[in-house]
Amino acid sequence: MGKPTGFLEFERTENCSIEPTERITNFHEFHAPLSLDDRKKQGARCMNCGVPFCQSAMTLGGMVSGCPLHNLIPEWNDEIYEGNWKNALARLTKTNSFPEFTGRVCPALCEAACSCGLYDDPVTVKENELAVIETAFQNGWIQPNIPKVRTGKRVAVVGSGPAGLACADRLNKRGHSVTVYEKEDRAGGLLMYGIPNMKLEKSVVQRRIDLMRDEGVTFETNADVGKTVSAEELVQQYDAVVLCCGANDPRDLKADNREIGGIYFAVDFLKSATKDLLQNQTTDFTLSAKGKNVVIVGGGDTGNDCVGTCIRQGCRSVTQLEMMPKLPDTRGAGNPWPQYPRVCKTDYGQQEAIAVFGHDPRLYCTTVESFVPDGQGNIKAVTTVELKPEKKGARTVMTKIPNSEKTLPCELLIIAAGFVGSKPYIAESFGLTRNERGNIVTEQGRYRTAKEKIFTAGDMHRGQSLVVWAIAEGRAAAKEIDEYLMGYTNLV
């Protein structure tokens, strides 16, 4: 360990953020990196613990704490402190296929388990990771790594989100010939069309896609497997097929007048905004919140992304409905370290709403009772109802409070209530079974399905989750596929 007393000498310092009122004028990323000297100090704060919980990914209290990729965090933090950036890169990319993605959008499960966080602020693991990979790109250290020998085996990867890309990347580097099928017009899956530009610039995604192309991966876009591309064709042409199509079947709302216009799923709203931005259509959005009262149903990360997007489009007001009670601002006694902290997080979109409208946009313990039409087939308001938690046996359910209805003006309503699994037609086209959560069925801890040569990974396999989990799933599936194809594997 380069600086045994670093965690005592240096305070946690995060990347600077552009002020909300300034950053909402565009859709660009808004965090400025620290200098390399300051970043070294942040690396020095890593304690090199005897038991580094940060890389453990343990389930504690029903939630995972620590990195699902088992990144070698103390090792590359030490290399950062010593200024050995190439060595830090080597240790980081040993376990993480795409640090430029996780360094931007991961909720930092590693930091939740950092030993420094027991009595002080945790190490800036996420930002350290991003500094390593971006320093590498800026210095030209990231070059195409083309396999010297090909195995003669062909693999089709269906879906180009983080799971599909991670799986394709590892299989290609192993020497297999990989083709990735993507139903949209650009590769990247949710990285391209599900995460807004201000969290993840699309040039960053395209940079990685271009690198993988240079390394030999083939991308087929506008290829909707199960519709425009038949499952039988893939099974016949490839030695293995891995389905990484995500859990992108959105959960709907059951309320009166659901059929009226002006109601959209978050995935469609965010995708439309990104497509417009990629076409340099920055003022006249196809689905626009400009001048509208917006209600967003869902208090999670996707709902927050919708808040930030609507504010940038010029909404008149924005309200975010959350069914559950507000979490505490600090850890409760029943949520000790190193459990993932169940605390209220005010994210960038909510920060911007506070700056623009003067109040937090979230209404807790509230849901939609009915949609109010304007007489011309579109929404003009929503009727909400308050909820309260009640114990029913071992379960806690949210029940409606009588006479608590309120009406909110609303010309645009966005449903960000999560997903119910993968699209049914994909499983049906391959003759696969989905479980009660809408996920493709495999043996516990495995990625191979009941059908010969068909595998699955990512949200389609484990359910709606994080980018870091999708990458971990894609890497693990690649190892299993490699062993299936070759009879052994040297992937770790």
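# Reading cavities, cysteines and salt bridges

Tutor: About 100 Å³ of space lies in the largest cavity. This is a predicted model, where local features need pLDDT of at least 70, side-chain atom pairs count only at pLDDT 80 or more, and totals for chains, interfaces and linings use all residues. Residues are numbered from 1 along each chain as its sequence is written, and side-chain values use heavy atoms, without hydrogens or water.

Student: How many cavities of 30 Å³ or more are there?

Tutor: A cavity is a set of points on a 1 Å grid over the protein atoms alone where a 1.4 Å probe fits but cannot get out; a pocket is an open set with protein on both sides within 12 Å along at least five of seven lines; lining residues have an atom within 4 Å of a point. Grid points join across faces, edges and corners, and probe spheres set on them fill the volume. Here the count is 4.

Student: Which residues lie nearest the centre of the largest cavity?

Tutor: They are C67, C106, C110, E129 and V468, out of 13 lining residues. Helices α7 (109–112) and α8 (125–138) each supply at least two of the lining residues. The lining divides into 8 nonpolar, 3 polar and 2 charged. Ala, Val, Leu, Ile, Met, Phe, Trp, Tyr, Cys and Pro count as nonpolar, Asp, Glu, Lys and Arg as charged, the others, Gly among them, as polar.

Student: What lines the second largest cavity?

Tutor: That cavity holds about 80 Å³. It has 15 lining residues, with C46, C49, C54, C114 and S115 closest to the centre. Helix α4 (residues 73–82) gives the largest share, 3 residues. By class, there are 12 nonpolar, 3 polar and no charged residues.

Student: What is the volume of the second largest pocket?

Tutor: About 580 Å³. Its lining has 27 residues, and Y447, W469, A472, E473 and A476 lie nearest the centre. Helix α18 provides the largest share, 6 residues. The lining splits into 10 nonpolar, 8 polar and 9 charged.

Student: How many disulfides does the count give?

Tutor: A disulfide is a covalent bond between the sulfur atoms of two cysteines. The rule asks for a pair of cysteine sulfur atoms within 2.5 Å. The count is 0. For C114, the nearest cysteine sulfur is that of C116, 4.5 Å away. For C167, the nearest is that of C244, at 5.3 Å.

Student: Is C167 buried or exposed?

Tutor: Buried means under 20% relative accessible area, exposed over 50%, partly exposed in between (1.4 Å probe, protein chains only). C167 is buried, at 0%. C114 is buried too, at 8%.

Student: How many salt bridges does a search of the whole structure find?

Tutor: Side chains of opposite charge can pair when their charged atoms come close. The test is a side-chain nitrogen of Lys or Arg within 4 Å of a carboxyl oxygen of Asp or Glu. The search finds 31. In one of them, E127 meets R39 at 3.6 Å, N to O. E127 sits in helix α8 and R39 in helix α3 (residues 36–44), so the pair ties together parts 88 residues apart in sequence. Helices are DSSP runs (H or I, at least four residues), as are strands (E, at least two), numbered from the N terminus.

Student: Which residue pairs with K275?

Tutor: E184, with the closest N and O atoms 3.4 Å apart. K275 lies in helix α13, and E184 in the loop between β6 (177–181) and α10 (190–193), 91 residues apart. K275 is partly exposed at 25%, whereas E184 is buried at 12%.
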